[in-house]
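Here is a short note to read alongside the model. Please keep the viewer open while you go through the points.

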Amino acid sequence: MRPPRVRHFKTKKNRNDAHRKDKKRRSKHNWNRISEHFTLKDFQDKQNNEGQNFRISLGLIGGLELLRSQSQNKVIILKGFQSEDISNKTQKDYHALGLAADIKIENLSSKETFLLAEKIPEFKGIGLNISKDYVHVDLRKEATTQYWIEENNNIIPLTDELRKIHLENNN
Ligand SMILES: [Zn+2]
C-alpha cells in the first residue's frame, strides 16, 4: 500500500517567513542596482560617505554597460560621483556633475581600455592617466570627442605624436 500523500498547507507564518527571506535577499543584492552590472554604490563618493548631492548620469552608465559588453570583462569604477573640490577650480569637474567615471577594466591594460572607450559614442571626453594607470571617461557637451593624456597632474591634449608613443606601441 502506498503511503498517504502528505499535503502541505501554507500557513500564515510560512508565508511571512518566505516573504521575509525574499525581502532580505532583495535588500542584500538588488536594492541599489541601477543597471545590469552596476550598483549605485559603485558611483558613490568614497570620501563623502553621506553622499551629499549625489547624482549620476544614466547615459554614463549606459556607456559603461556598452564597454562591459564589448570588453567581456568587469569594469571597475575607481571614481564616479565626487563632490566638487573647491580647492581645484582650474577645470570643469565632470565628476561633480555625475557625468564622469575613472575606470579600469579587469584583465585589460589602461591603453586597451582607452582604445575600447573610443568606440563608445556616449563618451565625449576620454583621458589616459599614465602615472595612475586608469582611464577617465565623461559625457561633456562637445561636438567632437576630446582626448588627452595625464601625467604627473599635467593634462596634455592627445596629438598624433603622443598617440604613437602611448597608444600604438606594444608595451
Ligand atoms: Zn576623472
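The points below run from the overall fold to single residues.

1. Basis. This is a predicted model: local features need pLDDT of at least 70, side-chain atom pairs count only at pLDDT 80 or more, and totals for chains, interfaces and linings use all residues. Residues are numbered from 1 along each chain as its sequence is written.

2. Fold. The chain has five helices and six strands. Both are DSSP runs numbered from the N terminus (helices: H or I, at least four residues; strands: E, at least two). Along the sequence the pattern reads α-α-α-β-β-α-β-β-β-β-α. Of the 171 residues, 22% count as buried. Burial is a count of other C-beta atoms within 10 Å of a residue's own, placed from the backbone (buried: 20 or more; exposed: 12 or fewer; partly exposed: in between). Among contacts with a separation of 6 or more, 51% come from residues 24 or more positions apart. A contact here means C-beta atoms, placed from the backbone, within 7 Å.

3. Sheet. Six strands form an open sheet in the order S1-S2-S4-S3-S5-S6, with mixed pairing. S1 and S6 (154-157) are the edge strands, each pairing on one side only. Pairing requires at least two DSSP bridges between two strands. Neighbouring strands are turned by 30 degrees against each other on average, direction ignored. The axes behind that angle are lines fitted to C-alpha atoms (for helices, over the stretch in contact), and angles run from 0 to 180 degrees between N-to-C directions. S2 and S4 run antiparallel and are joined by four bridges.

4. Core. The largest nonpolar core has 26 residues; Leu60, Leu64, Ala101, Ile103, Ala117, Val135 and Val137 touch the most other members. Two or more residues each come from H3 (58-71), S1 (75-79), S2 (100-105), H4 (110-117), S3 (125-129) and S4 (134-138). Such a core is a set of buried Ala, Val, Leu, Ile, Met, Phe, Trp, Tyr and Cys residues joined through C-beta atoms within 7 Å.

5. Alanine 101. Its bridge partner in S4 is valine 137. Leaving out residues up to four places away in sequence, alanine 101 touches Leu60, Leu64, Ile77, Lys79, Gly80 and Val137.

6. Helix H3. Which residues of H3 are buried? They are Leu60, Ile61, Gly63, Leu64 and Leu67. They lie on the same side of H3 because they cover an arc of only 160 degrees around the axis. The arc is taken from the directions from the helix axis to the C-beta atoms. The buried residues pack against S1, S2, H4 and S4. The face turned away from the buried side carries the exposed residues Leu58, Gly59 and Ser69. Glutamine 72 follows H3 and has a positive phi, near 60 degrees.

7. Glutamate 122. This residue lies in the loop between H4 and S3. Glutamate 122 is partly exposed because 19 other C-beta atoms lie within 10 Å. Its contacts, not counting residues up to four places away in sequence, are Gly59, Gly62, Gly63 and Leu139. Threonine 145 is 23 residues from glutamate 122 in sequence and 9.4 Å away in space, C-alpha to C-alpha.

8. Positive phi. Asparagine 107 is not a glycine, yet its phi is positive, about 70 degrees. Asparagine 107 sits in the loop between S2 and H4. It is exposed, with 10 other C-beta atoms within 10 Å. Asparagine 152 is also not a glycine and has a positive phi of about 50 degrees. Its place is the loop between S5 (146-151) and S6. With 8 other C-beta atoms within 10 Å, asparagine 152 is exposed.

Note on methods:
Contact = placed C-beta atoms within 7 Å.
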